[in-house]
Amino acid sequence: MNIKQHIEKINKQEINAVEFTYKALDEAKKINGEYHYLNVVSEELAIEQAKQLQKSLSKKNFKGKLAGLPISVKDSICVRGVESAAGSKILKGYKPLFNATAVQRCIDEGAIIIGKTSQDEFGFGSFSTNNSDGAFKIPLNPFDKERVTGGSSGGAAGLAQKADFPHVSLGESTGGSIACPSSFCGVVGLCPTYGLVSRFGLIDYGNSLDKIGPIGKSVGDCEAVLEVISGYDEKDSTSMKQELKKGKVEKVGLIKSFFNVDKEVKEAVMKTVDRLGVDYEEVELPIMAKYCIPAYYVLATAEASTNLAKYCGMRYGSHLPLEGNFDEYFTAVRSEGFGAEAKRRILLGTFVRMAGYREAYYLKAAKVRTKIIAEYKETFKKFDALVNPTMPMIAPKFEEVSSLTPLQNFMMDVSICGPNLAGLPHLSVPCGFSKKMPIGILFVGDHFHEKSLIELGRRAEQ
Ligand code: GLN
């Protein structure tokens, strides 16, 4: 049953929301015991929401666009009263007093929040293995437990694949964290245009890059959730008033350098391209392909390092007994509270925006980003969308990931980083298998052209 049918049945009261929610929670817990997709199962909240919903359906004639739909929420997106730690031990115990706007909009339409999904600490990673030095369990790939889910929204994509009940996840992407795990777990991930979905209540990684978006079993499922969570929000100054554009899908560009990948990955993607019923041509975006990774890691870490400054044992999350002067106290809390990858990013990010280096790194990266956006804009004059394999390979094994250097880790994002840097919407759709592991095809559109991507995604799905 797709989510549309399920929601209809709930609205018509052919399915009882409370009974259904109990069953969904049972199944989610069972999956979680084996695969570690949820840091928290918000059982009490879910049952309470289901009871409330059932009451509104029967007494108040309520109909919800997401009525009775279980939604899991990435740990970095705030849910009122439920521990929201962004996968970091420094935020363990933090229970927000408010809902993120995206979460609130789902609840207002009758959705049921079932838990917080596992991720890389603060979103720092591509495999969900940066678990704040062991503070959280690492999610396992739904197709092969010896492989990673991808990251950083790994728990979200894993659960979207493994859940047999109707369900959609809210993920988050700064530099590819929706597309990468969706590809590795064989599900659909939709990362919207920057500013389309409010960031209010998202625990920031890089404010100029972060986007909340849905991960689900089908393009239609993601579309239904996007419709609910998108739109202007006065609580987020970067949220946009712009409506989605009604674009066409006649011609797509294949980004040539990103097809230099595993043979089976390339074949699966090309077979899908042939089925799209559009004209296509190879295209190069040389500035993006060469500089997106260095520009992204300079900008993202610069922003991350300022965002993490507020975690010092005073307001949020973990504290220690107050001892020593404030430098000593903050140092003690932060040394203990942040995992290794968060520390690496703080060092890198602080360095690139330091007086004396700012011009050479941070400001230069900002200029490169502007050039990358211009290059995309020029390309979209000729093409309705751009296409490439989402990831160059299938989900790697844990042992392969642990032997990567930090730089090799960063390079994993090469084919998904560009659209994130430029704030462009992108959609990853499963398109085949290699060694029994899923492969994803990525569609990238111009700003606010989500509808074109959804149309292409539908054709790719068939
Ligand atoms: N892998 C990228 C990083 O580590 C992307 C993370 C994300 O999108 N949250 O920064």
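To start: which residue in E4 is the bridge partner of serine 72?

Modeller: The bridge partner of serine 72 is serine 169 in E4. Keep in mind that this is a predicted model. The pair belongs to the contact between strand E2 (residues 70-74) and strand E4 (residues 168-173). These two strands run in the parallel sense and share three bridges.

Now widen the view. E2 and E4 sit side by side in an open sheet of eleven strands. The order is E1-E3-E2-E4-E6-E5-E10-E11-E9-E7-E8, and the pairing is mixed. Strand E1 (38-41) and strand E8 (279-283) are the edges, each pairing on one side only. On average, neighbouring strands of the sheet are turned by 30° against each other, direction ignored.

Move along the order to E5 and E10. They pair in the antiparallel sense, over three bridges. Here glycine 189 stands opposite serine 428 in E10.

Histidine 426 has valine 444 of E11 as its bridge partner. E10 and E11 form a hairpin with two residues between the strands. In this hairpin, lysine 435 takes a positive phi near 50°.

Helix H16 (residues 450-461) lies across strand E5 (188-191), E9, E10 and E11. H16 runs at about 15° to E10.

There is also a helix pair to examine. The axes of helix H2 (residues 17-35) and helix H3 (residues 43-59) come within 8 Å and cross at roughly 160°. H2 and H3 are therefore roughly antiparallel to each other. The crossing is right-handed. From H2, the contact takes in Ala17, Val18, Thr21 and Leu25. From H3 come Glu43, Ala46, Ile47, Ala50, Lys51, Leu53 and Gln54. By class, the residues of this contact are seven nonpolar, two polar and two charged.

Technical notes
Residues numbered from 1 in each chain as written. Predicted model: local features only at pLDDT ≥ 70, side-chain atom pairs only at ≥ 80, totals over all residues. Axes fitted to C-alpha atoms, helices over the stretch in contact; angles between N-to-C directions. Helix = DSSP H or I, 4+ residues; strand = E, 2+ residues; numbered from the N terminus. Parallel < 35°, antiparallel > 145°, perpendicular 65-115°, else oblique. Left-handed = near helix turned anticlockwise from the far one by under 90°. Contact = placed C-beta atoms within 7 Å. Nonpolar A, V, L, I, M, F, W, Y, C, P; charged D, E, K, R; others polar. Pairing = 2+ DSSP bridges.
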